[in-house]
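I looked up each item in turn and recorded the values with their cut-offs.

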Amino acid sequence: MIDLQLTDKKHDEERQGEALIVDAPLVRNGRKLYIESYGCQMNFADSEIVASILLDQGFETTGDYKEADVVFINTCSIRENAEQRVRNRLSQFGVEKRRNPKLIVGVLGCMAERLKSKFLEEEKLVDVVVGPDAYRELPQLLSEVESGHKAINVLLSREETYADISPVRLNGNGITAFISIMRGCDNMCSFCVVPFTRGRERSRDPHSIMAEAQDLFDRGYKEVTLLGQNVDSYKWKGTDSEESTEIEVNFAQLLEKVALISPELRIRFSTSHPKDITDEVLYTIAKHNNICNYIHLPVQSGSSRVLELMNRTYTREWYINRIDAIRNIIPDCAISSDIIAGFCTETEEEHQETLSIMDYVKYDFAFTFSYSERPGTLAARKFEDDIPEEVKKRRLSEILLKQQETSLYRLQQFVGKTVRILVEGTSKKSDKDFCGRNDQNAMVVFPATEGVTAGQYVNVHIDRCTSATLLGTVVVEEPEIV
């Protein structure tokens, strides 16, 4: 059986439930904060914003909720099992709250937005419920709780981007960081709760994005990932402060602006939507060596009929056109995807269409799920979840097997070649090995080498691979890089 470990997951299983720890603020109020995060990269980035707001109030962070004064759990509503994890975790916090009645327990994020006051009613231990657009109100909401009241703010905003808040970098390696460039989503895919939990799209001021990226680079960071539910729809209109003229910046232009900060600052982004990714974006990637040749382009299904039911607003043919454009403009670009097995009314023939589009693209990675109905979505209201669970599981297994084969195939193409990687630190399996990612986002592991440290770019000759990792040795000379 091939051991497939997908890299750079939007829902990184190794980070689920991760507690943040940061340096103590200069001015302290004697109170300790514990934040635990679940879900996608956006949630972890939001936890950094929450930490910044409360550290300004004098809070210190702790990695042990039993010594905290305030416990927050930043939640996800994308899948049912994510919500169940949160409920199980809340019950554990409840044990501590019974021991320490003064402990404040709060629910943040998408699940807070979706369930709202139900948390206060059903989960009696929850004191405060805060949606993704209300984090600025946390100091006031905590004061309300301290005065003996429950507190809730889940109002969605059409303006909030937190552009003026410098996030505290949590549990980071000091080398890679996320930058949120926009919030919300306008796509209304029928299976997805994000538009209801994060609101409408709004793009962040490009000047603040560039300032954050420049600050990170000045502090020694070597890679930034630009985050958004749909980065390709980024669009900002405003006034150029230097020229005092009205300007409009799209995603391709923003990418270039960030890339021009320094050729030593590597740029990634996530997530792209097939209906919006343009040739202009692809040519911008091809133009700049420091924009990584890796695109996450979720297909969800290979069937045009199922895509229409999903309200994805593109067809199988359109998606293949975008794949062909990527291959033509950026020949060595890695492509990953999201795939849903067993969506409402999906036939066996349509499942085969998904397998066939996987054959066509040969994804480097894929994040695969069986369909899970989410309350409040268009699909839950309009369609019956009519595919038996055993059929969903079998179809998902077939998708996984095919992806295992193509992931291994893609990595095998690097064997015998030399790649440039950014060293992120020691390998998780051995402190005698270093690891880092190449341009195509594949993990590379190599023996610790004298003179090589985290944060450096090095050339590594790939000697062999597993289904998830490239294995090689550092080379000193400068051969042709792929």
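I began with the side chain of Thr354, which reaches the backbone nitrogen of Gly302 at 3.0 Å. I counted a polar contact as a pair of N or O atoms within 3.5 Å; within protein, one atom must be able to donate a hydrogen and the other to accept it, and residues adjacent in sequence count only if both atoms are side-chain atoms.

The model is predicted, so local features need pLDDT of at least 70 and side-chain atom pairs count only at pLDDT 80 or more, while totals for chains, interfaces and linings use all residues. Residues are numbered from 1 along each chain as its sequence is written, and side-chain values use heavy atoms, with hydrogens and water left out.

I placed Thr354 in helix H12 (residues 348–361); helices (H or I, at least four residues) and strands (E, at least two) are DSSP runs, numbered from the N terminus. Thr354 counts as buried because its relative accessibility is 1%; buried means under 20% relative accessible area, exposed over 50%, partly exposed in between (1.4 Å probe, protein chains only). Beyond its neighbours within four places in sequence, Thr354 is in contact with Ser301, Gly302, Ile339, Glu346 and Ile399, where contact means heavy atoms within 4.5 Å.

I then turned to helix H11, whose buried residues include Arg316, Tyr319, Ile320 and Ile323. The cover over the buried residues of H11 includes helix H9 (279–287), strand S16 (334–341) and H12.

Last, I looked up Met443, which lies in strand S20 (residues 443–447). Met443 is buried because its relative accessible area is 15%.
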